[in-house]
Amino acid sequence: MSVYTAPHPRSPRRPAHALVAHQVRYDGLAFLRNRQSRFFTLALPVLFLVILCAIFGNGTVRVAGGEIKESTYYVPGLVAYGVISASFMNLVISVTAQRESGILKRRRSTPVPAWVLIAGRSVVAVGTGAAIAVILMLIGAVVYGATVPGRTIPAICVSIAVGAITFCALGFALVTAIKSADSAQPVIQLVTLPLLFISGVFVPSDVMPRWLLDVSNFFPVRHLQQALLKGFNPHTVGAGFAWHDLLILAIWGAVGLAIAIWRFSWKPRAR
Amino acid sequence: MATGFQTERAVPATARSAAGQGDGHRVAGETVISACGLRICYGDFEAVRGIDLDVYRGEVFAFLGPNGAGKTTTVELLEGYLKRTAGEVSVLGVDPEHADADWRERVGVVLQESAVEPDLTVRECLKLYAGYYGSSRPVDELIELVGLKEKADVLGGQLSGGQRRRLDVALALVGDPELIFLDEPTTGFDPSARRAAWEMIGGLQALGKTIFLTTHYMEEAEYLADRICVLAAGRIVGEGTPQTLGGRDRARSEISFTWPAGVGRADLPPVLLAAVSTEHRGRAELQTAAPMELLGTLAAWAQEHGYALDDIEVHRPTLEKIYLELTEASR
């Protein structure tokens, strides 16, 4: 076996942070170009806010510390929905499609490190979740007179960040369980829709039976909704950090990450 | 097994001119890919059953074989996607199972099936991939090279099958690789697109690239390859240049013509009758190791009876015929 020598030297690759920024730029561009992504992730949460406030807008909901307007209640719930939609639902569908069509496999034939691809896609998801949160807060405040938090803004930002990262990790974990691009959509609806309904996102939790709350308390959707509600609730005293909920979210995130690292495949599975 | 022989480039003159002075880049005996006793199993199924391969710098190496022969499995192992069961493998001096970013920097891959990024334009897609490499080729130059200049700002999802395949090739070249794997690069192309792709691949060789090509098309292998290796049921059943594969250079010539009206094998003189190998759709096919002698006898017979035989053909056995013999023998 003769020794092979490279014919010419190569320039160094970009540093890791620049590679992530490069990936974010193009993944973000692809996200914004995709009509399905735009509709389900950006338009649908706004549509839900409009519909729910139109139906229940003038009523009140009992929460910790007293009663609040329904619109004030729905803003944090739909922020949670927006975060989950961007970093979980959209991520699972798009990453599964990329895996099954061979795009991920091709990307892995290049020198780009795997973690850069995952980080790039996650940053797009977290950024989208944050953007939809800001849009919902503005619409809630301007159109429906929902209370705008001041003191608790750092807590809300932390909750959005922890929630988005957690659901990205869970998204990459769920991708490993989906065998084909066609089944991504039904699986994601099956997993998220019931949880959204029992976690106080669409239906205020003061009308739900105890046992259903116990079920929803096990899953992460409820804890993201609760953490955000604490930040948005005008009766909240102090900085508004829901440490208990954030901790449970972080545990779910860690489990998701472990499954993703253990099981994630870059190659199509359906063929 | 393969020894470092370098043969005269075995392609028609047109391809040679497309390839320019490519042969000057070749360094005899420098091994780019080397495999010894390679075996790959999927569970109980042994897809690759002990093969030896050597590919030298600057050559086009064609890997042929029927579906399920283990071609793609072998290629994916060489590309660093799979783990082998046994054997020694070295690609660019590195075991592909331990391929790192520096190795991937030097290898270009066209997968058998892979979609292009649907929501990025041709140019954006190439820029995305160019950014993964330390050294990359200018994107606009690549777009021109693969003939996608008019489509540079069209989204990947809106390209035709042939255009996507050309983008696949451009993406494999964007890092300016030394070694390029092309897994059935022209499947689904129309004849003119295929011809254009061949000229492009010939041009890559002129740039000093080593090319590992798998294909189903015999003309493609004959046109492009310096050396051919035939795989069947996980084993190598033949290896050589397009001229020498399977003893093609020693094989008998074939002479064929359409029977004149009312004439059959019974009308032939004994020497010609003995040479008849098959009759198909009213055509006689004769095989001989001495084609000029047989042609003389045939011409005399035809002239004597006034037969024109104006569709007479004389040819060496086609590569396809050799290939079919090699692969069928292994069943």
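Predicted model: local features only at pLDDT ≥ 70, side-chain atom pairs only at ≥ 80, totals over all residues.
Reader: Which strands pair with strand 7 of chain B, and in what sense?

Author: Strand 3 of chain B, residues 60-64, pairs with strand 7 in the parallel sense over 5 bridges. Strand 6 of chain B, residues 179-183, also pairs with strand 7 in the parallel sense, over 5 bridges.

Reader: Which residue of strand 7 is the bridge partner of B:Phe63?

Author: The partner of B:Phe63 is B:Thr214.

Reader: What about B:Gly208, where does it lie?

Author: B:Gly208 is in the loop between helix 7 (191-206) and strand 7 of chain B.

Reader: Why is B:Gly208 classed as partly exposed?

Author: B:Gly208 has 16 other C-beta atoms within 10 Å. A residue is called buried at 20 or more and exposed at 12 or fewer, so B:Gly208 falls in between.

Reader: How far apart are B:Gly208 and B:Arg84?

Author: In sequence they are 124 residues apart, and in space 29 Å, C-alpha to C-alpha.

Reader: Changing topic: how many residues does each chain give to the contact between A and B?

Author: Chain B gives 34 residues and chain A gives 28 residues. In chain B, strand 1 (31-42), helix 3 (101-104) and helix 4 (122-130) each supply at least two residues of the side that touches chain A. The residues of that side divide into 13 nonpolar, 11 polar and 10 charged.

Reader: Now chain A. At what angle do helix 2 and helix 5 pack?

Author: Helix 2 (residues 35-56) and helix 5 (residues 114-144) of chain A pack at about 25°, with their axes 10 Å apart. Angles under 35 degrees count as roughly parallel, so helix 2 is roughly parallel to helix 5. Their crossing is right-handed.

Reader: Which residues make the contact?

Author: Among them are A:Leu42, A:Val46 and A:Leu49 of helix 2 and A:Ile132, A:Leu136 and A:Ile139 of helix 5. The residues of this contact divide into 10 nonpolar, 3 polar and no charged.

Definitions and conventions. Residues numbered from 1 in each chain as written. Chains lettered and ligands numbered in written order. Axes fitted to C-alpha atoms, helices over the stretch in contact; angles between N-to-C directions. Helix = DSSP H or I, 4+ residues; strand = E, 2+ residues; numbered from the N terminus. Parallel < 35°, antiparallel > 145°, perpendicular 65-115°, else oblique. Left-handed = near helix turned anticlockwise from the far one by under 90°. Contact = placed C-beta atoms within 7 Å. Nonpolar A, V, L, I, M, F, W, Y, C, P; charged D, E, K, R; others polar. Pairing = 2+ DSSP bridges.
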